[in-house]
Structures are given as C-alpha cells and as structure tokens.
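Here's a quick tour for someone meeting this structure for the first time. Have a look at the sequence and the fold, then read on.

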Amino acid sequence: MRKKPIQAIPSESVTSQAKSAKPQRLVPPPLLLPAINAPSRGRFANRNSDGVLEDSDSTSGVDSHGLVHSEVGQVVTDANIITQVVLISALSIDANRFAPREIYSDNTLQSLANSLEKNGQRDPVHVIPNPAKPGRYIIGDGWTRVQAIRMRDILGLQVKAIIHDEFTEEDIAWFGYSQNEEREPHTDYDKACFYMKWRGEGWDWETISHKTGVPVNSLYPYINYSKLDPDILYYAKNYPKKVTVNVITQLARLISADKPADQVLSICKSFVEDDASIASLRERIDSILNKTTKRSTKSSLLFQKRYKSANFKQRMDGDIEIRARIPKSKQEAFNEAMDQLLSRFCEESESDENQDTAGTQTS
C-alpha cells in the first residue's frame, strides 16, 4: 500500500496555456491606479496570532469577495487603510506551490475569458512578490483569471492586482482558499490535493482542521486519494462531482484488501459510465470483500463423507465439521458417543458450561 502524498494530475488547460505564454515580451513594472479614501472594514482584514488572515464582520459596500470597490478600482481592506490596485503583466505571475485549486476546465476558462473580454476585469487578483525572482509575483487568489487572460491574449495581458508585501506564499495560499470557498467551493479532489500539500509540510490533521474549520474526522478520508493509482485519480479529477471523497473511500477498501489495481479501475470506470449510485457501488464492493472473507476463513477440504441425514468434513488445518439431524429418541446416545470420541482426541475443558444438550441438531 502506497503512503506517499497525492500528486496532482497536471491540467491540460494549464499546460496548454503555459505553452502559449510569450516570455519574450517585456514585462512592464506595475502601473499604479489612482487612489481614493473609503474607510471601511474588509472581510479578510484581520490576521490572527499566526499571521494568517481570519474573518471579521463586513460592512456595507463589501462585495461577495470581501472587497470594497470604488469607481477607479481602488479597494479598502481595513479601517481607513487604502490597499492600492496596480496593473501588472499576466506573464509575470507564477503559480503558488500551495495552490488550493487543481481543476481548471477549458469550459470554465473559455467562459471567463469571454466575460473578461466583454466586460473587463472587475475584481483584482491577489499576489505577493516572488522572493526568488525579482520583478515577478506569486498568485494567491485569481489564478483562473490570470490563465484566462493568458489563454486568450486579452486586456493587453494586463491584470488588476493587489500586491501583499506582508504575506508569505503560505499566507496568500490560505487567503486564496478562503476566497475560493466563498465563490465556488472546492471539489473533493481539490481539497485532497490541498490538504496533502500541508501534510507534506509536516502539518497534522488537527492543524489543518483548525485552519479550514473542517472537523478532523471529516478530513481523514481524504488520505484515501493517496492510495489510488493515477489512472483512477484521472476519474476523480475529470468527474469530480461524481467521483467524490466517499467514492474514493469505497475504492480504497479494495486497495487495502490487496485487490488488483486493474479491477479497482474497472469498477471506478463502470461506476462513472453507468452513472451508478454510491449505494450500488458500496454493495458491489461489499460483495467482493465478503466473498474473499468467506473463502479465506476456511482451508482446503482434506476428507468428506456424506450420510443420509449427515455430512462429515475434515479440512487441511485440522478443523472438523459435522452437520447432522439426530432423531430425538437417539440424541442422548449420540451425545454420549460423541463425548467418548472427543475425549480420546481432545483435551477436556476446565469448565462444564456447555452441558446443555437441548439442541436437536449438531453442526
């Protein structure tokens, strides 16, 4: 059984957009947009003792993303404090190694690109300066917008952004996670990849639970993603609404029982293609595991003899099975005979608890 953390399957759309990027273009410095004073408090203005953003009560003028907008694109993220929106090149933004989202479908990117091309960019993305690459940035929130702009080569490849100099890559990743959960909750596959990234950093489940607000017992099943082959994870990524963490947990039962990966893949594939229910999947897996258990609990048959109303079996491991129907008139004699026979070959029990001979059938 493999214990290594889940490795996210590369997104075809991300790969294609990366190939289409034009690194030979000059990357202009950030263009500062006009400032405006608009005292208010944003949803993610406060930071806890760990330096990570935490929720605060929002006020009027705060949009669904926790930002206060002005006519010139200015936002306010804390009382009487202006956070400046700037224009930066979409080509100067790098992915976050703790990115909370892994699935970026072509349909989503194309739809967003259409909206951006028609209406422009309303909400700024959130980035930090890339400490290893001066002049470049690491994304925290808004990676889908960046990819859509790159893919379609629109808006002059310029992105409205808020630069957070005070955040680390880890901080801005958690900020992006919170923003995503408000806009469109992550898929179970996204969550599994995100959680396992932090597990890879040495975090325990209690710490992840504290950061996400998800009970520890609800986090444990996500470890099952790391038990499955990439071919099965393909279905988890491409059919995230169908192949949820509950489905993955069921499939992982087969892996734990040392079932062949090809068999598990076949079951997963038919589950998706037949649009089967999770209940039917569970029943199918229960059936497979129960058959295995029954076969494994009894060793091979060494000797067997059938009688008119009885059956005698002796197995390789020494177990003896007798199933017989004894007439009432002969039960007392049968019990005496069995006692004498067993006393010759078996040690007598210290207790005398099983002297009740009321039964009429021995098995």
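A residue counts as buried when its relative accessible area is under 20%, exposed when over 50%, and partly exposed in between, using a 1.4 Å probe and protein chains only. M316 sits in the loop between strand 13 (310-315) and strand 14 (320-325).

This is a predicted model, where local features need pLDDT of at least 70, side-chain atom pairs count only at pLDDT 80 or more, and totals for chains, interfaces and linings use all residues. Residues are numbered from 1 along each chain as its sequence is written, and side-chain values use heavy atoms, leaving out hydrogens and water.

Overall, the chain has 12 helices and 15 strands (DSSP runs numbered from the N terminus: H or I of at least four residues for helices, E of at least two for strands). Of its 363 residues, 39% are buried.

What about the inside? A nonpolar core is a set of buried Ala, Val, Leu, Ile, Met, Phe, Trp, Tyr and Cys residues joined through side-chain atoms within 4.5 Å. In the largest one, Y195, Y225 and L251 have the most contacts, contact meaning heavy atoms within 4.5 Å. Helix 5 gives the most to this core, with 7 residues.

| Core | Size | Residues, among them |
|---|---|---|
| Largest nonpolar core | 39 residues | Y195, Y225, L251 |

In soluble globular proteins, nonpolar side chains tend to be buried together.
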